[in-house]
Amino acid sequence: YQGLGVGSLMADVVADLCERLGLVFQSATAHPTYGGYRNRSPFWLELPTSQQPRPKGECSMFQHIWTGAIRPDGSLDAERERLLRQRVHLATPPNADQDIAFA
């Protein structure tokens with residue numbers, strides 16, 4: 001399934017879930033396709049440390065933090081929220097507890 005965008009979608013789903021739980025989601029990858037997706041995505045912010053030279057000639061790492069539909073000032077971007085809900089669909093199963101908690 002490589003090349004179908006499954007990995008990027010899974011990361012978006014997990015990042016969105018973490019945001020809903022009040023957590024921060026940061027990700028790093030050396031893969032240029034995966035990092036390029038996040039560079040182009042409105043839901044990810046590239047960190048200043050991204051793609052910096054590494055010791056011993058190692059490949060550079062893409063580093064991003066999930067912003068979802070939240071603007072830097074903390075307000076909600078309605079258009080990005082609409083796009084995010086088109087991409088990520090999280091539903092609560094019937095009879096499931098509405099609160100998500102860690103044990």
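The model is predicted, so to speak of local features we need pLDDT of at least 70, side-chain atom pairs count only at pLDDT 80 or more, and totals for chains, interfaces and linings use all residues. Residues are numbered from 1 along each chain as its sequence is written, and side-chain values use heavy atoms, with hydrogens and water left out.

Cysteines to begin with. Searching the whole structure gives zero disulfides, a disulfide being a pair of cysteine sulfur atoms within 2.5 Å. Cys18 has 16% relative accessibility and counts as buried, while Cys59, at 45%, is partly exposed. Buried means under 20% relative accessible area, exposed over 50%, and partly exposed in between, with a 1.4 Å probe and protein chains only.

Now the rings. The whole structure holds three aromatic pairs. Rings of Phe, Tyr and Trp (its six-membered ring) pair if their centres lie within 6.5 Å; planes under 30 degrees apart are stacked, over 60 edge-to-face, and the rest tilted. Phe43 and Trp66 have ring centres 5.8 Å apart and planes at 35 degrees, so this pair is tilted. Phe43 is in the loop between helix 2 (32–40) and strand 2 (44–46), and Trp66 is in strand 3 (residues 62–66), 23 residues apart. Helices (H or I, at least four residues) and strands (E, at least two) are DSSP runs, numbered from the N terminus. Phe43 and Trp66 are both buried. One aromatic cluster is formed by Phe25, Phe43, Trp44 and Trp66.

Last, Arg38. Its charged end sits over the ring of Trp44, 4.2 Å from the centre. Arg38 also lies over the face of Tyr34, 4.3 Å from the ring centre. A charge sits over a ring if NZ of Lys or CZ of Arg is within 6 Å of the ring centre and within 35 degrees of the ring normal.
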